[in-house]
Amino acid sequence: MTLIKEYRFTTNCTLEEYKIAQLFSVSEASKAETGGGEGVEVLKNEPYVDDFGNKGQYTHKIYHLSSKVPGWVRALAPAGALILEEKAWNAYPHCKTVVTNGYMKDKFELITETMHVPDDRGGLENAVRASPEVLKKREIVIMDAAKDQLDKNDYNPEQDPTLFKSQKTGRGPLTGDWMKTCEPVMTAYKLVTVKFQWFGLQTRVEAFIHGIMRNLLLKFHKQLFCLMDQWYGLTIEDIRNIEEQTKAELDRKRQEEGVSGTTVA
């Protein structure tokens, strides 16, 4: 059975601030995880309009992952299987991301559907408007970006919300029952569906991927808050310029630098 979890991240910022913060943080995280022929390759980053007239930003990326998966995965998978393709439609506050793999074809799919809700502390029953069938299957995971712990090798005191205080906004450190009391506040509801149809491996791999997603999303939201003094005050025009510069830097880092970021033995 396909494994579905809804991760809920409450954040000490406004809805519009989070829009800028997440785009800035994605660029920073991509640079940190790229080098030595691995990491993120941006193929497209352009505006789109869907069939209903909704406008947003479309991105198409390739993830080269050889050193970022466990040895047992590398042993089972041919070289081409360690490349993921991501297509994302960001019509903020709603976003949808679909990750596939050319080797696995229709046997693998990782879908993340996100709804960002202002003035909210994570209590909505169905923010992403999932079907009744999906609601029966999903597991709700309430995340605390300050208290919840990362994998040991991923901890960085400079990106610890319980230690960080913003010089520009005065927000932080995030301690105690901050999710119940902080202002401003918003919540990102992330419905993550993992499909891995491979006889004998489905349950193990789907659980493994959710473990990876939990750690990635937690790390991302810790970074997002602790980068506040870098993204606060930026405009969407500033972000598009940063993204263009980041694309060029990612290409250079993959070709010229050694492997960086999270690696797995």
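The dialogue below takes up the chain, its aromatic pairs and its cavity.

Guide: This is a predicted model, in which local features need pLDDT of at least 70 and side-chain atom pairs count only at pLDDT 80 or more, while totals for chains, interfaces and linings use all residues. Residues are numbered from 1 along each chain as its sequence is written, and side-chain values use heavy atoms, with hydrogens and water left out.

Visitor: How many helices and strands are in the protein chain?

Guide: The protein chain has seven helices and eight strands; these are DSSP runs numbered from the N terminus, helices being H or I of at least four residues and strands E of at least two.

Visitor: Why is the pair of Tyr-58 and Trp-89 called tilted?

Guide: Rings of Phe, Tyr and Trp (its six-membered ring) pair if their centres lie within 6.5 Å; planes under 30 degrees apart count as stacked, over 60 as edge-to-face and the rest as tilted. The ring centres of Tyr-58 and Trp-89 are 5.7 Å apart and the planes stand at 45°, so the pair is tilted. Tyr-58 belongs to strand β3 (residues 55-64) and Trp-89 to strand β4 (residues 83-91), 31 residues apart.

Visitor: What makes Tyr-58 buried or exposed?

Guide: Buried means under 20% relative accessible area, exposed over 50%, and partly exposed in between (1.4 Å probe, protein chains only). Tyr-58 has 14% and is therefore buried, whereas Trp-89 has 31% and is therefore partly exposed.

Visitor: What kind of aromatic pair do Phe-164 and Phe-225 form?

Guide: With 5.6 Å centre to centre and 85° between the planes, Phe-164 and Phe-225 form an edge-to-face pair. Phe-164 lies in the loop between β7 (139-143) and α4 (178-181), and Phe-225 in helix α5, 61 residues apart. Both Phe-164 and Phe-225 are buried.

Visitor: How many cavities of 30 Å³ or more does a search of the whole structure find?

Guide: The search finds one. On a 1 Å grid over the protein atoms alone, a cavity is a set of points where a 1.4 Å probe fits but cannot get out, and lining residues have an atom within 4 Å of a point. The largest cavity holds about 50 Å³ of space, and the residues lining it include Thr-10, Trp-178, His-221 and Phe-225.

Visitor: How does the lining of the largest cavity divide into nonpolar, polar and charged residues?

Guide: Five are nonpolar, four polar and none charged. Ala, Val, Leu, Ile, Met, Phe, Trp, Tyr, Cys and Pro count as nonpolar, Asp, Glu, Lys and Arg as charged, and the others, Gly among them, as polar.

Terms used
On a 1 Å grid over the protein atoms alone, a cavity is a set of points where a 1.4 Å probe fits but cannot get out, and a pocket is an open set with protein on both sides within 12 Å along at least five of seven lines; lining residues have an atom within 4 Å of a point. Grid points are joined across faces, edges and corners, and a volume is the space filled by probe spheres set on the points.
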